[in-house]
Amino acid sequence: MAFANKIGNVLKQVIKSSPYVYQSVRCMSSSKVFIGGLSYQTDEQSLKEAFAQHGDVVEVKVIVDRDTGRSRGFGFVTFANSEEAQSAINVQDGKV
């Protein structure tokens, strides 16, 4: 429980120091990358095309609102390995 509280406090500090933390590319695991700040018109195919230049894209998921079916503005891209994921992060992070 104490560990979870410490993680929560660290996340709060990061969000306070950088209000645009959601509009960026972040690594979720060794090969799964969080993509934030997406246009509401972005679909899984266009997201895959945008990230395919960085490596073998295994899976793409744009998160949609269950009531409207419209994109919620973020998604995930999973690469075949962590080096490709890191390449995508290095190149795409912070792009508008």
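Of the 96 residues in this protein, 29% count as buried, where buried means under 20% relative accessible area, exposed means over 50%, and partly exposed lies in between, taken with a 1.4 Å probe and protein chains only. The protein exposes about 6,700 Å², and carbon and sulfur atoms supply 52% of that; accessible areas come from the Shrake-Rupley method with a 1.4 Å probe, and for residues only the protein chains shown count as cover.

Before I go on, some ground rules. This is a predicted model, in which local features need pLDDT of at least 70 and side-chain atom pairs count only at pLDDT 80 or more, while totals for chains, interfaces and linings use all residues. Residues are numbered from 1 along each chain as its sequence is written, and side-chain values use heavy atoms, with hydrogens and water left out.

Now confidence. pLDDT is the predictor's confidence in each residue, from 0 to 100. The protein averages 78, and 69% of the residues score at least 70. Confidence is lowest in helix 1, residues 2-17, at a mean of 50, and highest in strand 3, at 95. Over residues 14-24 the pLDDT is below 50, and this stretch has 13 contacts in the model beyond near neighbours in sequence. Where pLDDT is low, the predicted coordinates should not be read in detail.

Next, the layout. The protein has three helices and four strands. From the N terminus on, the order of elements is α-β-β-α-β-β-α. Helices (H or I, at least four residues) and strands (E, at least two) are DSSP runs, numbered from the N terminus. Contact means heavy atoms within 4.5 Å. Among contacts between residues at least 6 apart in sequence, 51% join residues at least 24 apart.

Let me turn to strand 4. Which strands pair with strand 4? Strand 3 (residues 57-64) is joined to strand 4 (residues 71-79) by six bridges, and the two run antiparallel. Strand 2 also pairs with strand 4 in the antiparallel sense, over five bridges. Two strands pair if DSSP finds at least two bridges between them.

Phenylalanine 76 in strand 4 is the bridge partner of lysine 61. Strands 3 and 4 form a hairpin with six residues between them, and in the turn glycine 69 has a positive phi of about 80°.

Why is strand 4 described as largely enclosed by the rest of the structure? Because seven of its nine residues are buried. Leaving aside neighbours within four places in sequence, threonine 78 is in contact with Ser31, Lys32, Asp56, Val57, Val58 and Glu59.

Across from it, in strand 3, is valine 62. Valine 62 is buried at 5% relative accessibility. The C-alpha atoms of valine 62 and phenylalanine 74 are separated by 6.2 Å, with the two residues 12 apart along the chain. Apart from neighbours within four places in sequence, valine 62 is in contact with Thr42, Asp43, Glu44, Leu47, Ser71, Phe74 and Gly75.

On to the core. A nonpolar core is a set of buried Ala, Val, Leu, Ile, Met, Phe, Trp, Tyr and Cys residues joined through side-chain atoms within 4.5 Å. The largest one here has 13 residues, and those with the most contacts inside it are Val33, Ile35, Leu47, Phe51, Val57, Val77 and Phe79. The elements giving two or more residues to this core are strand 2 (32-36), helix 2 (44-51), strand 3, strand 4 and helix 3 (82-92). In soluble globular proteins, nonpolar side chains tend to be buried together.

Histidine 54 is in the loop between helix 2 and strand 3. Is histidine 54 buried or exposed? Histidine 54 is buried, with a relative accessible area of 11%. Not counting residues up to four places away in sequence, histidine 54 touches Phe79, Glu84, Ser87, Ala88, Val91 and Gln92. With glutamine 92, the histidine 54 side chain makes a polar contact, side chain to side chain, at 3.1 Å. A polar contact is a pair of N or O atoms within 3.5 Å; within protein, one must be able to donate a hydrogen and the other to accept it, and residues adjacent in sequence count only if both atoms are side-chain atoms.

Serine 82 is found in helix 3 and is partly exposed, with a relative accessible area of 34%. Leaving aside neighbours within four places in sequence, serine 82 is in contact with Ser30 and Ser31.
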